[in-house]
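Subject: Structure for you to look at

Hi,

Here is the structure I promised you. Please open it and keep it beside this email while you read.

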Amino acid sequence: MIHQDNNERALHLLQTVFGYPAFRGQQGEIVGHVAGGGDALVLMPTGGGKSLCYQIPALLRDGVGVVVSPLIALMQDQVDALEEVGVRAAFLNSTQTYEEASRIERLVRTGEIDLVYVAPERLMTERCLNLFQNSNIALFAIDEAHCVSQWGHDFRPEYIKLSILHEQFPNVPRIALTATADPQTRAEIVHRLQLGDAAQFVSSFDRPNIRYSIVEKGNGRKQLLDFITAEHGGDCGIVYCLSRKKVEETAEFLNENGVRALAYHAGMDHAKRAANQAKFLREENIVMCATIAFGMGIDKPDVRFVCHLDLPKSIEGYYQETGRAGRDGGPADAWMAYGLQDVVLQRRMIDESEADETFKRVLGNKLDAMLGLCETLSCRRVRLLDYFGEQAGPCGNCDTCLIPPVSFDGTVPVQKILSTVYRVDQRFAAGHVIDVLRGQETERIKTWHHDSLSVFGIGADRSEQEWRAILRQVIALGLLTVDHEQYSSLKLTDAARPVLKGGQKVQLRQYQKPVKAKPSRAAKGYVESDLSGEEQRIFDRLRSWRMGTAREHNVAAYIIFNDATLREIAKARPTALDDLRGISGVGEKKLASYGDEIVNLISELE
Ligand code: ADP
Ligand code: ZN
């Protein structure tokens, strides 16, 4: 009976406070379970809607919900967003004065607050644990729970200590949440946080609104600029680069070419970095060029594209980074440019790392999976989901589905490469090997008399670009390795023998000049911006109203209303408060705060 009651109350809160008509996916089930006092482990992709899974139970249960989050810089936005919908929230962290923290602590003790955000290192202090012991705690939510994993790049040693919550607060339900899906991380979370008895809620990791494309890298920056100007003029996006230097150069290049861009990496001074992050979160029409230091917890819902100018180290990283696009469910792009140099560089970074052999093998396997995704001849999404243990059919919304790559029997050209490598005694790097194949009369070739080799010029029929594409695949397939101790010279592996001797065929991806893919209307999950001219005009007007309001309130624009909500309003053209009520994202508090303004604004436009 109580359970039934909870479900009804949960739905009521969802609709009146948050303004959403229905729970998404497993949200309803999770809310019911945690509100009833159960522990839970929630695996949901970025943008899946994890926050409501602990916010609503915290409102349903007596006492204060404690949210453990590693992201101090984002706590303010999280609290702002809750206050906008009328939920009493606050945070406790090192950016506050002693007086301010004491005030929040009092509110926690007297229960005059619904949710409090704390960083793990703060939680572990005697003072904080004492406070919570002497307060009525509704639940503990452990956000970004993958930070317990020592294998991941977000590892936080303080997260491991969170197991004491179980010991000190045995009767308070705990809910751990993450968007990292691999089984290894999941097992580590369960083990480290002692969640062995928790119910596990694993959602599909598919993000159907994201279109995945991986293109051959030529002039990467130029390709990036073309992509942004052709498909995403005026949109917010993120561009990931491997090095700090490249981050800065890319941002500069984009700015010079009329795309507003900012930089973010760990080498910048703290204040500048924080300012750039805040700007990106609060404003529209900005591209953030960043290393992977940027992004965890970035809640901005209207990021329309995420680009990679360098190959990520693993599919987990790639998926998490690209997942920051399209959190609002609208169409978004994950675009990557990838080339021979990426393969060589990533392999070298593994070889030269200080890690022990076991760890290097783990890294090597992760890289191989990533290369497999880049070189696949079939649907990218099928490949991605398969990596996370999920079965799917071709998606119709990735580059290989939209423009199927042409494959060809590459046995002969591969044999040509392998024998050239053999003939030059496995002592030369890619550039030279290609020169020999193409019969170029370079200085070095003359010096080494490589123009007298039988293989000299046997590949004159293909361009350098084509040979690079083939060579890249040969390395990705593991037929050749790059020896970094010896001037990046190419070496044959054992796997090369059956190909070289004949007998084993090699299927390759045909080099293709980049073609622009036109979205297929039938593509699953792809929603085109289907506003009429008039609606678009209202939408633009609403956006500028939102920008002004956000500045006035000193909050991020999306916290007022997200694009999806504004789009619905533009279509509905409400002329009375009641017309606004049913729109997704408009709860009671926002209706009261902004309803009149919006109705007036629209009537002025009519
Ligand atoms: P996550 O933390 O899993 O990345 P969020 O909790 O930030 O995702 O939610 C992503 C977006 O989806 C937010 O803009 C949120 O308001 C919206 N959202 C979440 N649940 C619902 C729902 N049931 N109906 C409509 N929108 C939702
Ligand atoms: Zn596909």
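This is a predicted model: local features need pLDDT of at least 70, side-chain atom pairs count only at pLDDT 80 or more; totals for chains, interfaces and linings use all residues.

The side chain of Tyr20 has an N or O atom 2.4 Å from an oxygen atom of ligand 1. The side chain of Lys50 also places an N or O atom by a ligand oxygen, at 2.9 Å. With Gly48, the backbone is involved: one of its N or O atoms lies 3.4 Å from an oxygen atom of ligand 1. How much of the ligand does the protein cover? On its own, ligand 1 has 570 Å² of accessible area, and the protein covers 84% of that.

Now the cavities. The count is 3 with a volume of 30 Å³ or more. The largest cavity holds about 100 Å³ of space. Its lining has 13 residues, and Thr46, Ala179, Phe205, Tyr319 and Gln320 are the closest to its centre.

What is that lining made of? It divides into 7 nonpolar, 4 polar and 2 charged residues. Helix α14, residues 315-322, gives the most to the lining of the largest cavity, with 3 residues. Both domain 1 (4-202) and domain 2 (210-402) take part, each with at least three residues in the lining.

Best wishes

Note on methods. Residues are numbered from 1 along each chain as its sequence is written. Chains are lettered from A and ligands numbered from 1 in the order in which they are written. Side-chain values use heavy atoms; hydrogens and water are left out. A polar contact is a pair of N or O atoms within 3.5 Å; within protein, one must be able to donate a hydrogen and the other to accept it, and residues adjacent in sequence count only if both atoms are side-chain atoms. Accessible areas come from the Shrake-Rupley method with a 1.4 Å probe; for residues, only the protein chains shown count as cover. On a 1 Å grid over the protein atoms alone, a cavity is a set of points where a 1.4 Å probe fits but cannot get out, and a pocket is an open set with protein on both sides within 12 Å along at least five of seven lines; lining residues have an atom within 4 Å of a point. Grid points are joined across faces, edges and corners, and a volume is the space filled by probe spheres set on the points. Helices (H or I, at least four residues) and strands (E, at least two) are DSSP runs, numbered from the N terminus. Ala, Val, Leu, Ile, Met, Phe, Trp, Tyr, Cys and Pro count as nonpolar, Asp, Glu, Lys and Arg as charged, and the others, Gly among them, as polar. Domain bounds come from an automatic or database domain assignment.
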